[in-house]
Amino acid sequence: AKTSYVVNFKQQQYGLIKAMFETRTEFTDNTFYDVSAWTFPLAFNLDYHHLNKDELQRLPLESAEVSTSSSYVGSDNPVALLVEWQDFRAATALTRLLGADIDVKLLEKGSRLPVQGEPREFMAGSFTVPLPTETATRNALIEKVNNTVADLGLTVYGVDSGYSGQGADLGSPNVSDLEMPKPLLLIGEGVYSYEAGEVWHLLDTRLELPVSMQHAQDLGRIDLSDYTHLLMVSGRYPALDEKELDAVKSWIRDGGTIVATRGANPWLVQQGLVNFELLEPEAPQNQNRPFSERDDARAEHIIGGAIFEANVDLSHPLAFGLELDKLAFTKAGTMVFKPATEDFVTVATYTESPLVAGYSSQTNVERIKNTPAILAQGYGRGSIIMFSDNPNFRGYWLGSMRPYINSLYFNKAL
């Protein structure tokens with residue numbers, strides 16, 4: 001298919017390519033204090049397969065060309081414009097359009113809409129710009145949208161009618177308003193600066209989304225009413241007194257969203273903000289092992305960085321834009337959620353055999369399997385979203401970045 005690419009191992013950079021696609025889970029030395037796997041297609045959430053020589057020879061290959069210019073597909077008098085959410089750069093387009101005060105709406109359900117007289121399927125998560133009926137005004141808005149996203153390599157579709165032959169009509173309740181996020185990222189003493197920097201890079205560089213930053217230790221004194229999101233990465237956060245905690249709860253009930261990753265989750269549990277619990281590891285038993293086995297024993301309780309696979313609920317707004325029902329996360333550390341006791345709050349769950357690359361002891365694999373990778377709890381008009389791991393790992397793990405990005409733009413759809 002035109003959307004598939006072949007990378008031939010038979011070239012000068014064979015060693016590098018092999019390492020990029022490698023999914024080892026067994027090692028001679030199991031002592032890892034840092035990342036033990038970097039599998040690129042898993043990082044980018046790509047559907048990939050290893051081909052043997054015969055399979056490769058049967059493929060009709062041609063040189064690949066990648067366009068960085070956007071295009072318009074549609075008639076001269078569309079009723080609305082649509083952009084599909086599957087492309088990572090669609091989020092940048094959405095930021096630009098909202099920043100230009102253009103009215104943008106979200107398709108919360110998939111829809112089949114006519115484009116140049118032919119029906120086309122649009123997945124949930126696609127966003128639409130309604131167009132006015134007056135010709136000159138409509139043409140000016142079409143030109144403005146196309147110019148705004150011109151350098152992103154996207155396709156802007158002009159639909160002939162808002163009536164769907166199957167799925168959501170553009171005038172239905174399943175099409176909701178989108179607003180520009182105003183996130184606050186907590187930083188400073190006690191906060192893991194690498195993870196904070198990864199979030200900052202994602203928002204500022206990839207999404208072109210302005211982000212405010214304040215010191216985590218000042219949390220109880222921050223006026224959250226200026227923000228839509230509170231972003232918390234791994235770190236030590238202050239215990240709030242009753243008045244401070246009530247202020248945070250009130251902000252969430254009024255529509256605020258907390259997005260927590262990895263080591264920030266215990267704070268949410270300790271403050272009683274969520275109904276979820278952490279799965280505590282069992283204390284190691286004395287087995288009278290010799291000193292020579294000490295490193296192996298420690299490795300059993302450490303995950304320096306391995307790749308774990310989760311099943312994803314593709315119908316959930318946090319999964320919009322994903323096309324595969326499996327999603328890989330880089331897991332570092334051994335924090336694990338207990339399975340949720342209520343429906344509709346688990347976005348992703350680690351599989352029965354979750355380790356797909358890198359080293360983890362079987363003890364940790366058993367603890368992690370079938371536990372939540374992403375939880376999302378409604379709280380009044382707001383929400384609390386919890387990632388078991390760091391979805392923005394090293395700034396390049398684009399697959400698991402998608403639910404994090406969705407937590408910024410689609411939080412009102414939860």
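A nonpolar core is a set of buried Ala, Val, Leu, Ile, Met, Phe, Trp, Tyr and Cys residues joined through side-chain atoms within 4.5 Å. This is a predicted model, in which local features need pLDDT of at least 70 and side-chain atom pairs count only at pLDDT 80 or more, while totals for chains, interfaces and linings use all residues. Residues are numbered from 1 along each chain as its sequence is written, and side-chain values use heavy atoms, leaving out hydrogens and water.

**Nonpolar cores**
- The largest nonpolar core has 99 residues, of which Trp-85, Phe-127, Ile-258 and Tyr-409 touch the most other members.
- A second, separate core of 11 residues includes Val-35, Ala-328, Phe-393 and Tyr-396.

**Aromatic pairs**
- The whole structure holds 20 aromatic pairs (Phe, Tyr or six-membered Trp rings with centres within 6.5 Å; planes under 30 degrees apart are stacked, over 60 edge-to-face, the rest tilted).
- Trp-38 and Phe-393 have ring centres 5.9 Å apart and planes at 35°, so this pair is tilted.
- Tyr-396 and Trp-397 have ring centres 5.5 Å apart and planes at 75°, so they are edge-to-face.
- One aromatic cluster is formed by Trp-38, Phe-40, Phe-44, Phe-393, Tyr-396 and Trp-397.

**Exposure of the paired residues**
- Trp-38 is partly exposed at 36% relative accessible area (buried is under 20%, exposed over 50%, partly exposed in between, with a 1.4 Å probe and protein chains only).
- Phe-393 is buried at 8%, Tyr-396 is buried at 15% and Trp-397 is buried at 0%.
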